[in-house]
Amino acid sequence: MFSMFKRASLTMLSLMAALVFALSLPAHAEQKESDVAQREMTQLAGADFWRQVRQGEEGYTTSQFPEHGTLISTPGQTWYILKEKWMSPAGAIAIFGSIAFVTLVYLFMGPIMLSAPRTGKRIKRWSRLDRAMHWSMAFTFLTLGFSGLMLVYGKHFLKPYIPADLWGFIIMLAKQYHNYIGPIFGVLLICVLVKWWRKSIFTKVDFVWFIKLGGMVGKHKGSHPSAGFSNAGEKALFWLLIVVGSVVAVSGLVLDFPIFGQTRRDMELSNLVHMLAALILICGFVFHIYIGLFGMEGALEGMVTGEVDETWAKEHHDLWYEEVMAKEQNAQAAEPNQDKVKGATTNEQTS
Ligand code: HEM
């Protein structure tokens, strides 16, 4: 039995090794092709020619574009090193670090559960428009995030393992999607700002919420610090989205439309700023998505159905709950008066 299992494992291992070897062949072939092309180019034009080009020697062209004569821009090497050797690995560490952090929070602290049973009374929290905006924003952000990460990291974790044609198709799709959908993110950002800025202004209550770390950790753990419609954490995330998201959107537009006289330096700077800001947002929103999906009982149903349970409202947003209740009582108090007015009008009409 054991030897049969051993033989099966060996066969599996051999098959996997063969597969990895087969998949890595196109990458080797491609590397060889590019080496040959580089050697041919050097031979064709001569080493002196390429040395001059690298030193910034300008050629002649009828184009009126800035830097039109510069074939190879040597300072671009600094951009390349900053992007590939520093920002790219640091970004990967930050993203995996954030995911590892929320995984540890889930494993060791667990989700924040309601401390009292649900009452069953539903309270309206998000309108249809709010929800449409949120989920459009979430979808655009996440798909832009995936396509952007593919553009930066795909060559390391995917390209060596799939056929060259498939890689070419995937990366072309990622690039086109990123270029065309990017501006929509900017538009949604403006919509979200217009609709939600008022409820995201910080107040004194938020300061206490921060001091108590939201009642999530430390000596205030388990307490529910007071909060209005949004708590201080949500407000902070909202302004992070608006400020850093605007940087992402504007730098993205500079890259998307290189028709306003941007030089290579402008494009390189925009590229670095775009990547850094996007990485900050992705890490920030790993935590938001964790809380929304797994970290807090009852939060997601609010954003899906538009309504939350009374217990959830009372525990997480007590000041908002009191406001809603006060409005409800005022409306109920006004109702009999309205009935009286209606009755009086009917009596007047019939008499
Ligand atoms: C799977 C992904 C996501 C889930 C499950 C999720 C879930 C939620 C939930 C449950 C709320 C409501 C919290 C409450 O009622 O207090 C919320 C609010 C919000 N979400 Fe998301 N979200 C996701 C992705 C995103 C993304 C990608 C963004 C932006 C890029 C985003 C931006 C916001 C904003 C701005 C709010 C309003 C916070 C406030 O000011 O009260 N969400 N989300």
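Setting aside neighbours within four places in sequence, Asp206 is in contact with Ile201, Ser230, Asn231, Ala232 and Lys235, where contact means heavy atoms within 4.5 Å. Asp206 sits in helix H6; helices (H or I, at least four residues) and strands (E, at least two) are DSSP runs, numbered from the N terminus. With a relative accessible area of 3%, Asp206 is buried. Here buried means under 20% relative accessible area, exposed means over 50%, and partly exposed lies in between (1.4 Å probe, protein chains only).

The model is predicted, so local features need pLDDT of at least 70 and side-chain atom pairs count only at pLDDT 80 or more, while totals for chains, interfaces and linings use all residues. Residues are numbered from 1 along each chain as its sequence is written, and side-chain values use heavy atoms, with hydrogens and water left out.

For the chain as a whole, 11 helices and 2 strands are found. Along the sequence they follow the pattern α-α-α-β-α-α-α-α-α-α-β-α-α. The chain has 351 residues, and buried residues make up 30% of them. Among contacts with a separation of 6 or more, 77% come from residues 24 or more positions apart.

His134 lies in helix H4 (residues 128-157) and His288 in helix H8 (residues 264-295), so the pair ties together parts that are 154 residues apart in sequence. As for accessibility, His134 counts as buried at 17%, whereas His288 is partly exposed, with a relative accessible area of 32%.

A polar side-chain atom of His134 lies 2.7 Å from a nitrogen atom of the ligand, and one of His288 lies 2.8 Å from a nitrogen atom of the ligand. For Lys199, a polar side-chain atom lies 2.9 Å from an oxygen atom of the ligand. The elements that give two or more residues to the shell around the ligand are H4, helix H7 (232-256), H8 and helix H9 (299-305). H4 gives the most, with 5 residues. There are 21 residues around the ligand, of which Arg125, His134, Lys199, Glu234 and His288 come nearest; a residue is near a molecule if one of its heavy atoms lies within 4 Å of it. The shell divides into 14 nonpolar, 4 polar and 3 charged residues. In this grouping Ala, Val, Leu, Ile, Met, Phe, Trp, Tyr, Cys and Pro count as nonpolar, Asp, Glu, Lys and Arg as charged, and the others, Gly among them, as polar.

Helix H4 also holds Asp130, which counts as buried at 8% relative accessibility. Apart from neighbours within four places in sequence, Asp130 is in contact with Lys195 and Trp196. The side chains of Asp130 and Trp196 are joined by a polar contact of 2.8 Å. A polar contact is a pair of N or O atoms within 3.5 Å; within protein, one must be able to donate a hydrogen and the other to accept it, and residues adjacent in sequence count only if both atoms are side-chain atoms.

Helix H7 contains Ala236, a partly exposed residue with a relative accessible area of 30%. Not counting residues up to four places away in sequence, Ala236 touches Phe202 and Phe210. Gly233 is in helix H7 and is partly exposed, at 25% relative accessible area. From C-alpha to C-alpha, Gly233 and Phe210 are 7.6 Å apart in space, and they are 23 residues apart in sequence.

Finally, the loop between helix H6 (204-211) and H7 holds Leu213. Most residues other than glycine have a negative phi. Leu213 is not a glycine, yet has a positive phi of about 50°. Leu213 is partly exposed, with a relative accessible area of 47%.
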